[in-house]
Amino acid sequence: MRDETLAIHGGYTADSTRAVAVPIYQTVAHDFTDADHAGKVFDLEVPGFHYNRINNPTVDVLEQRLAALEGGVAGMALSSGAAAVSTSVLNLLGAGDNFVSAPQLYGATYTYFAHVLPKLGIEVRFPPDDQADSIEALIDDRTKAVFCETVGNPAGNVIDLERVAEVAHRHGVPLIVDNTVPTPLLLKPIRHGADVVIHSLTKFIGGHGTTMGGMIIDGGTFPWAEHPERFPMMNEPELAFHGVRYTTQFPDAPYITRCRTVGLRNTGSCLSPFNAFLHLQGLESLAVRLVRHEANARIVADYLAHDARIAWVSFLGFPDNPYHELARRYLGERCPSIITFGVRGGYDAGIAVFNRVQLFKRLVNMGDAKSLIAHPASTTHRQLTPSDLALVGVTPDMVRLSIGLEHPDDLIEDLDQALSSQDLGHAGPDVLKGPDPAFR
Ligand SMILES: Cc1ncc(COP(=O)(O)O)c(C=O)c1O
């Protein structure tokens, strides 16, 4: 099936009720037929559901659907994208280990890598840029993974996945990518060498700003059994799960099996069945929404690029974008509906525009049907030092737009009135009050 069809039908076969919508299995546990059956389910000898911190039939459909869209062998849903990020790396690393990450990251991912993991003895190495050679220079025999965002949020950089995957694999290391910004409809990283794909479902996939969620997808591509010394957790008996050996007992998907038996089981960051249902609703319309998101974004980006009040605009759809060639190679003619720009007048002018918009919602999410405006340096990335900001690709004046599904003329009119206000460099208390609630 093609993507549009998979997004609607993938992973679901109706039971005897013939329900067309995926039912919400709002239950904590499942009744075993007898002790023998219970034992076999616990031993992972037979497929089945037992306790919903580990798995659930509604969540299972979402996992299968996204794994199919990404071209992976299996998926595991989590309560948020942040849970997917942390579980994906903790599945491979312990004290004394390291991984290399491209520095252009979502703010909370960066602070987790730079400031939380080191306290657990896990070193995250950041090269000065996102180039494969720079990443390779930091890999050593305690490196357990290479990590990157396929399209960085909010930096808008596009990783040369095939080169980075080649470098990682040459050193016997898997490539883990966060594919939140493009979604599998615009970019399929496993086809380009990624071994593990993670998502914040909270963004375009849920699509309506209502529901948190995360996903890890195992490409089934990495040869864990060939690297027993680097990856003992995949090859030696798992003490945390009665001695299971993932590579021999689950040779098709050892990585995701361990994510579930150790990561999800112990951290408990499971997705609720109702939230899985909402993400399934989002997936059904993802393909058509992305077309409209992108069309609107092209119109708004074009408007900004021709406005004398704007200092710079970064949009992957522009041929002069430094990442345009990589975007063409990996995303085809498509691009995500994320635009960043700076206003003449710098930081203060950017804050003033942020304060003065009336239709755009001032918040830190993206991928909503509603258009959103964010000022990363003062919100998602505000904990970063000036040098960290430069490393992750956030300038102090950067304003980020996530373009929604409204009429583009209304979006342009809103930006125009926000930019038209005099004295952009000195946003006073009046603009901090925000627009008339009736208008919003
Ligand atoms: C690229 C990326 N990855 C992960 C996350 C974290 O996802 P969540 O907010 O669902 O925890 C975000 C959130 O903005 C993100 O933009």
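How many residues surround the ligand, and which are the closest? The ligand is surrounded by 15 residues, and the closest are Ser80, Gly81, Ala82, Ser200 and Thr202; a residue is near a molecule if its C-beta atom, placed from the backbone, lies within 6 Å of it. This is a predicted model, in which local features need pLDDT of at least 70 and side-chain atom pairs count only at pLDDT 80 or more, while totals for chains, interfaces and linings use all residues. Residues are numbered from 1 along each chain as its sequence is written.

**Ligand shell**

- Helix α4 (residues 81-90) gives the most to the shell around the ligand, namely 3 residues; helices (H or I, at least four residues) and strands (E, at least two) are DSSP runs, numbered from the N terminus.
- The shell around the ligand holds 5 nonpolar, 8 polar and 2 charged residues. Here Ala, Val, Leu, Ile, Met, Phe, Trp, Tyr, Cys and Pro count as nonpolar, Asp, Glu, Lys and Arg as charged, and the others, Gly among them, as polar.

**Domains**

- The chain consists of domain 1 (3-274) and domain 2 (287-432), with bounds from an automatic or database domain assignment.
- A distance of 30 Å separates the C-alpha centres of domain 1 and domain 2.
- Domain 1 gives 33 residues to the contact and domain 2 gives 31 residues; two residues are in contact if their C-beta atoms, placed from the backbone, lie within 7 Å.
- On the side of domain 1 that touches domain 2, α1 (3-9), α5 (107-116) and α8 (183-186) supply at least two residues each.
- That side of domain 1 has 17 nonpolar, 12 polar and 4 charged residues.

**Helix packing**

- Helix α12 (residues 273-305) packs with helix α16 (residues 408-420) at an angle of about 30°, and their axes are 9 Å apart. Axes are lines fitted to C-alpha atoms, for helices over the stretch in contact, and angles run from 0 to 180 degrees between N-to-C directions.
- Because of this angle, α12 is roughly parallel to α16 (angles under 35 degrees count as roughly parallel).
- In this contact, Asn296, Ile299, Val300 and Tyr303 of α12 meet Pro408, Leu411 and Ile412 of α16. The contact of α12 with α16 comprises 6 nonpolar, 1 polar and no charged residues.
- Helix α3 (residues 57-70) crosses α12 at roughly 35°, and their axes come within 8 Å.
- From α3, the contact takes Thr58, Val59, Val61, Leu62 and Arg65, and from α12 it takes Pro273, Ala276, Phe277, His279, Leu280 and Leu283. By class, the contact of α3 with α12 has 8 nonpolar, 2 polar and 1 charged residues.

**Backbone features**

- Asparagine 153 and proline 154 are joined by a cis peptide bond, with omega of about 5°. Proline 154 sits in the loop between β4 (143-149) and α7 (161-170).
- Arginine 18 is not a glycine, yet has a positive phi of about 60°. Arginine 18 lies in the loop between α1 and α2 (35-42).

Terms used: Angles under 35 degrees count as roughly parallel, over 145 as roughly antiparallel, 65 to 115 as roughly perpendicular and the rest as oblique.
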